[in-house]
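Here is a friendly walk through one structure, with an eye on charged pairs, aromatic rings and surface patches. Have the viewer open as you read.

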Amino acid sequence: MSGWLAIAGLGPGAAELVTPEVTATLARATDLIGYAPYVARVPERAGLIRHGSDNREELDRAALALRLAAEGKRVVVVSSGDPGVFAMAAAVFEAVDGGDPAWRDLDIRVLPGISAMFAAAARIGAPLGHDFCAINLSDNLKPWELIERRLRLAAQADFVIALYNPLSKARPWQLGRAFELLRKELPETVPVVFASAVSDAKEAVETVTLREARAERANMRTLVLIGSSRTKLIERGNGRSFVYTPRSAGVVP
Ligand SMILES: C[S@@+](CC[C@H](N)C(=O)[O-])C[C@H]1O[C@@H](n2cnc3c(N)ncnc32)[C@H](O)[C@@H]1O
């Protein structure tokens, strides 16, 4: 039997948010590859070999997946959320691009998943209802100056901004710096949503204003959504609010 490689998104965490396509593909796999906590989300079964690895080993992981598929194995590489959003799909194609020319003709498929920004947005309403962008706040793979430039220009263009990887032990100051910069570009009243561990037992979702936003509210599993100047709150009787961005933008801010 000829091998194949599927790069699959496991969604934000809850089992019911894994797509049937991903579940069916995992059931046919011989080899499962990914960052160890994501591999652990897939139930063990006989005949499935698990290759969990450390977070920073994306290209090695991609090359292993391609080698195994070339040997005839049925390989699934897993990412959280969607595999094409700051995750393994790009790493696999980078490995194909620079690797063994035979890898180009392998059966490679990307299976979409629910990205954290969509799961987080759905929890509080429709903040992504008009134009938006996603920025990875990690400066591991790009210079911090580039991140600041993109934040400033995104705010000036009045996009809603989804911030992935807001902080970690090794990157403790970046989110606070981002808030300082954004306060110079946007009204301090725009809503900021901290959505942590969405769809897990530890889920916590909180909306504050940009003036009140503090980096300490975030952790490694937080998606931070910064509203545009048009993003609105609908106050509710239970003290919680819906957050939404109207679908039209009438004037240039
Ligand atoms: C390396 S990125 C992977 C993104 C993933 N491919 C996706 O589409 O969601 C990891 C970041 O995604 C966000 N994230 C992942 N799962 C999340 C969840 N359940 N709740 C909130 N944010 C999450 C956090 O910002 C975290 O730092």
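## Salt bridges

A salt bridge here is a side-chain nitrogen of Lys or Arg within 4 Å of a carboxyl oxygen of Asp or Glu. With that in hand, please keep in mind that the model is predicted. R217 and E206 are joined by such a bridge, with 2.4 Å from N to O. This pair links distant parts of the chain, since R217 sits in the loop between β10 and β11 (222-226), while E206 belongs to strand β10, 11 residues apart.

How many salt bridges does the rule give? The count comes to eight salt bridges. Another of them brings together the side chains of R123 and E203, at 2.7 Å from N to O. The two residues come from distant parts of the chain, 80 residues apart: R123 is in helix α5 and E203 is in the loop between β9 and β10. R123 counts as partly exposed, with 44% relative accessibility, and E203 is also partly exposed, with 30%.

R152 forms a salt bridge with E185, and here the closest N and O atoms are 3.9 Å apart. That distance falls within the 4 Å cut-off, so the pair counts as a salt bridge. R152 lies in helix α6 (residues 144-156) and E185 in helix α7 (residues 174-185), so the contact ties together parts that are 33 residues apart in sequence.

Neither end is buried: R152 is partly exposed at 31% relative accessibility, and E185 is partly exposed at 27%. Which residues belong to the network made by salt bridges that share partners? E148, R152 and E185 are joined into one network in this way.

## Aromatic pairs

Turning to the rings, a search of the whole structure finds four aromatic pairs. One of them is made by Y35 and Y38, whose ring centres are 5.1 Å apart, with 85 degrees between the planes, an edge-to-face arrangement. Y38 is partly exposed, with a relative accessible area of 25%.

F86 and Y164 make another pair, with centres 5.1 Å apart. Why is this pair called edge-to-face? The planes stand at 70 degrees, and planes over 60 degrees apart count as edge-to-face. F86 lies in the loop between β4 (74-79) and α4 (88-98), and Y164 lies in strand β8 (residues 160-164), so the pair ties together parts that are 78 residues apart in sequence.

As for its setting, F86 is found in the loop between β4 and α4.

A197 is found in the loop between β9 (191-196) and β10 (204-209). At 9% relative accessibility, A197 counts as buried, because buried means under 20%.

## Surface patches

Which residues form the negative surface patch? The patch is formed by D54, E57, E58 and D60. Of these residues, D60 is found in helix α3 (residues 58-70). D60 is exposed, with a relative accessible area of 56%, and the cut-off for exposed is over 50%.

A nonpolar surface patch of about 240 Å² is made by I114, F118 and F132. I114 has its place in the loop between β5 (107-111) and α5 (116-124). This residue is partly exposed, with a relative accessible area of 31%. Patches are made of residues with over 30% relative accessible area and no salt bridge, so I114 at 31% passes the area cut-off.

Definitions and conventions: Residues are numbered from 1 along each chain as its sequence is written. Side-chain values use heavy atoms; hydrogens and water are left out. Patches are made of residues with over 30% relative accessible area and no salt bridge: like charges are joined within 9 Å, nonpolar side chains (Val, Leu, Ile, Met, Phe, Trp, Tyr) within 5 Å. Accessible areas come from the Shrake-Rupley method with a 1.4 Å probe; for residues, only the protein chains shown count as cover. Lys and Arg count as positive and Asp and Glu as negative; His and the chain ends are not counted. The place of a charge is taken as NZ of Lys, CZ of Arg, CG of Asp or CD of Glu. Helices (H or I, at least four residues) and strands (E, at least two) are DSSP runs, numbered from the N terminus. Buried means under 20% relative accessible area, exposed over 50%, partly exposed in between (1.4 Å probe, protein chains only). Rings of Phe, Tyr and Trp (its six-membered ring) pair if their centres lie within 6.5 Å; planes under 30 degrees apart count as stacked, over 60 as edge-to-face and the rest as tilted.
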